[in-house]
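Me: I'd like to learn how to read strand pairing in a protein model. Could you walk me through one example?

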Amino acid sequence: MTSYGGYTRTTYGATGGDDGGGFFGGSQSGSQGGTKHPSEESLRPVTVKQIIDAEQAFGNDGTFRIDGVDITQVTFVGMVRQISPQTTNITYRLDDGTGVVEVKQWLDPDKQESDANRATFQEEQYVRVWGRLKSFGNKRHVGAHVIKPVTDFNEVNYHLLEATYVHLFFTRGGGVVGGGAGGDGNAAEDDSMFVENNDAAFLRSASPKARKMYQYLNQSKSNEGTNIQIIARETGMTIPDVMAAAEELLSHGKIYTTIDDETFALLEGF
């Protein structure tokens, strides 16, 4: 596991968030996830322009690269410009001021009539997206893991600074922050543009279920991840409790799905 400027990369074969229905749609994407080889995973803050300009190798199925670095999962903030409910997904057009991109939130086929399968956002509303960059028919979109409303406009400005910081890290080297702040030039140890990287602060505000799941995954330290059945058995929680805890941890970027949509690993350093 390696770190760059406070961002952590892990080496497990994550498959959650492909065009298979998000995190818990095991019936859609679980069978596909098993065929993927383990690859380096990262969560990259980006702008829409970076998504549009990302290089792609080997046609529509190739890996995307930004600033010469492979990307897998991305996060960005944008305003909802259009909402298009479909049979299998809800498509949002998001605008962050640098461009417009489509975000697809896949629906659970077993819950077609539930509130979870209805659009919960409105046009002209800011949201944050966590997802995976995809391409189909020469048109790019983001397959959303999680979409959350932005409740504090400072998050919009913070995200742009964060995306800029990571871009400069890769294009100008890790000394960009330390050099400007009188530090030692080690960007991995001098995140002066960021809120302090502190899991303890998150755990204080997290639900008891999320804390229990986080602590268990932190102790297990499995790159391949741990299935929800094992998590439930080892922590004494029910499957619905584990899924609720997982959604909370996923929305805060603390864990990722790995070999299928019901297997999770901890993303350390966030």
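**Reading a strand and its neighbours**

Reply: Happy to! Keep in mind that this model is predicted. Let's begin with a hairpin: strands S9 and S10 form one, with four residues between them. In that turn, Gly97 has a positive phi of about 95 degrees.

Me: How many bridges join S9 to S10, and do the strands run parallel or antiparallel?

Reply: Two strands count as paired if at least two bridges are found between them. Here S9 (residues 89-95) and S10 are joined by seven bridges, and they run antiparallel.

Me: Which strand pairs with S10 in the parallel sense?

Reply: That is S12 (residues 139-149), which pairs with S10 over three bridges. Look for Val103, which stands opposite Val142 in S12. So S10 pairs with S9 in the antiparallel sense and with S12 in the parallel sense, by the rule of at least two bridges.

Me: Is S10 mostly covered or mostly open?

Reply: For this, check each residue's relative accessible area: under 20% is called buried. S10 (residues 100-106) is mostly covered, with five of its seven residues buried. In the protein, buried residues make up 46% of the 270 residues.

Me: And what does the protein as a whole contain, in helices and strands?

Reply: There are eight helices and 15 strands. Among the contacts with a separation of 6 or more, 65% come from residues 24 or more positions apart. The accessible surface comes to about 13000 Å², and 49% of that belongs to carbon and sulfur atoms.

Note on methods:
Residues numbered from 1 in each chain as written. Predicted model: local features only at pLDDT ≥ 70, side-chain atom pairs only at ≥ 80, totals over all residues. Heavy atoms only, no water. Buried < 20%, exposed > 50% of the residue type's maximum accessible area, 1.4 Å probe, protein only. Helix = DSSP H or I, 4+ residues; strand = E, 2+ residues; numbered from the N terminus. Contact = heavy atoms within 4.5 Å. Areas by Shrake-Rupley, 256 points an atom, 1.4 Å probe, with all protein chains shown as cover.
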